[in-house]
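Hi,

Here's the structure I promised to send over.

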Amino acid sequence: VENWSQGTMSKAAVKISADLLSNPLCEQDQAFLESMTALDTAMRRMDAFNQEKVNQIQKTVVDPLKKYSSVFPSLNMAVKRREQTLQDYKRLQAKVEKYEEKEKTGPVMVKLHQAKEELRPVKDDFEAKNKQLLDEMPKFYQSRIDYFQPSFEALIRAQVVYFTEMYKIFSELTDQIDQAGLTDEQRERETEAKLSELRALSIVADD
């Protein structure tokens, strides 16, 4: 979700910078043109690095996770088979207990014997399936760290590289468009003047 939102944001930023660069105001003000050119270049670099990060995460994190989930297909099936056998076991055990609680007449004793005979193989089957899971689950659980650690390391590296490059891009952009000697108040007035010119050109809608 994070990568998708960042990708959407970077694409939107590229579109905005391209729209600003094609604004008629750029033809009238050389300084504004240079600032918008620097902004457009920075947004395109940001988008390129973001796409590279997404590609790296897909290859080093997402794809391995998908592969891991398919490495042990028998495990999910074994859990389902155990659950089904457990339900059969409980049903037949309840049947045995029902006859055991009744008065020990001849017909009841026959039915009790039949219920116990029916229960025995189901009980053995459940215990075998349960033992198999008890053997396999710890192995599956213990393998996760060794398998996932390279993916986590790759994810961290991708994020570090991306945000390091973002810092460089925006630091360079700030140096390019920042006019030395202007106070914050002067910058604010100049920004408002540019926004007024843009509004006059109907580039953005009034509130």
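Is Asp-125 buried, partly exposed or exposed? Keep in mind that this is a predicted model. With a relative accessible area of 32%, Asp-125 comes out as partly exposed, because that class covers values between 20% and 50%.

Asp-125 has a partner, too: its side chain forms a salt bridge with the side chain of Lys-129, at 2.6 Å from N to O. The two are four residues apart in helix H5, so about one helical turn separates them. Helix H5 itself covers residues 106-177. Leaving aside residues up to four places away in sequence, Lys-129 touches Arg-81, Arg-82 and Thr-85.

In total, the structure has nine salt bridges.

Glu-165 counts as buried because its relative accessibility is 17%, while Lys-168, at 40%, is partly exposed.

Then there's helix H4 (residues 73-101), where Asp-88 and Arg-91 are also three residues apart, about one turn. This pair makes a salt bridge at 3.9 Å, N to O, and Asp-88 is partly exposed at 25% relative accessibility.

As for why such pairs form, side chains of opposite charge can pair when their charged atoms come close.

Cheers

How values were computed
Residues are numbered from 1 along each chain as its sequence is written. This is a predicted model: local features need pLDDT of at least 70, side-chain atom pairs count only at pLDDT 80 or more; totals for chains, interfaces and linings use all residues. Side-chain values use heavy atoms; hydrogens and water are left out. Contact means heavy atoms within 4.5 Å. A salt bridge is a side-chain nitrogen of Lys or Arg within 4 Å of a carboxyl oxygen of Asp or Glu. Buried means under 20% relative accessible area, exposed over 50%, partly exposed in between (1.4 Å probe, protein chains only).
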